[in-house]
Amino acid sequence: MSTYVYGITRASQPLPEQLVGIGEPALPVRTVRSGRVLALVSDAPAELKAKRRDLLAHQRVVIQAGAGGPVLPLRFGGVSPDDETVAAILGEHEISYLERLEALEGKDEYNVKATHDEQAVLYEVLSTHPELAARQQANRAAGGGSYDQRLEFGELMAKAVKEREMADALLIESALAPLAASLRRGPESGGWLANLSFLVERERREEFLEVVRALAEQHEHLQVQITGPLPAYSFADAN
């Protein structure tokens, strides 16, 4: 039977006496050790699908194991042929795993996503681009303006909004990056102007969260969403 892998941690780290993993019924979690590191594993279900129940079970194992120290979390779906293969990989990468665990000590991941409030950002753009505001007023005075005038105005507004998205993404990153130990930029998709993951020391958590709140309060056209603390998926590099 294949071996499902949840994460990697130090062999010396205290772990909960009992962890239950994915599957229906939930499969018991065991450890595979090699040298100074170990992997949290269970049998792999015969059919592995990213169902909500199993996604939550995977994350729960990582979070509960992380209560005693850092864990290199693997993404959902990590399957190895057997325990012996897992042990061999642990042994091969023991030093690099220990280095990554050291880097994650006392830190959590926070993901920050931001979008624009559509109406608020249009007002913001017009208030900072008087030439566009004047063009809008001229079109209104002309009963909306010609088709070409409306098209040109729309294109100019779209360009200005795009520039504002880029500026706001930089604003968020510049405000938060100095408070984090590390930063990962997410893929440019999903409609977010910013999708950033930060590795934050727990001692600086409140300071970090306060700046996130301030960004949302001081910039009404920004909608800022923060998720965390999370296992450090974006910073594990455990493969």
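What follows is a chat about the labels and the values behind them.

Modeller: Ground rules, then: this is a predicted model, where local features need pLDDT of at least 70, side-chain atom pairs count only at pLDDT 80 or more, and totals for chains, interfaces and linings use all residues. Residues are numbered from 1 along each chain as its sequence is written, and side-chain values use heavy atoms, with hydrogens and water left out.

Biologist: Fine. Why is Arg33 called exposed?

Modeller: Exposed means over 50% relative accessible area, buried means under 20%, and partly exposed is in between, using a 1.4 Å probe and protein chains only. Arg33 comes out at 58%, so it counts as exposed. Its place is in strand β2, where strands (E, at least two residues) and helices (H or I, at least four) are DSSP runs numbered from the N terminus.

Biologist: And what is Arg33 in contact with, leaving aside its neighbours within four places in sequence?

Modeller: Ala11, Leu38, Ala87 and Leu90, with contact meaning heavy atoms within 4.5 Å. The Arg33 side chain also reaches the backbone oxygen of Gly35 at 3.0 Å.

Biologist: What makes Arg10 and Glu105 a salt bridge?

Modeller: The rule asks for a side-chain nitrogen of Lys or Arg within 4 Å of a carboxyl oxygen of Asp or Glu. Arg10 and Glu105 meet at 2.7 Å, N to O, and pass. Arg10 sits in strand β1 and Glu105 in the loop between α3 (94-104) and β6, so the pair ties together parts that are 95 residues apart in sequence. As for the labels, Arg10 has 18% relative accessibility and therefore counts as buried, while Glu105, with 37%, is partly exposed.

Biologist: How do you know that Asp43 and Arg30 belong on the salt bridge list?

Modeller: Their side chains meet at 3.1 Å, N to O, inside the 4 Å limit. Asp43 is partly exposed because its relative accessible area is 27%, and Arg30 is partly exposed with 29%.

Biologist: On to helix α4. What puts its buried residues on the same side?

Modeller: The buried residues of α4 (118-128) are Val121, Val125 and Leu126. They cover an arc of only 135° around the axis, which puts them on the same side of α4; the arc is that of the directions from the helix axis to the C-beta atoms. An α-helix has 3.6 residues a turn, so residues three or four places apart point the same way. Gln119 and Tyr123 are exposed on the other side of α4.

Biologist: Which elements do the buried residues of α4 pack against?

Modeller: β6 (107-116), α5 (130-141) and α6 (147-176). At the start of α4, a side-chain oxygen of Asp117 reaches to within 3.2 Å of the backbone nitrogen of Gln119.

Biologist: Why is Asn139 called buried?

Modeller: Its relative accessible area is 9%, so Asn139 is buried. Asn139 lies in helix α5. Leaving aside neighbours within four places in sequence, Asn139 is in contact with Gly144, Gly145, Gln149 and Phe153.

Key: Polar contact = N/O pair within 3.5 Å; in protein donor to acceptor, adjacent residues only side chain to side chain.
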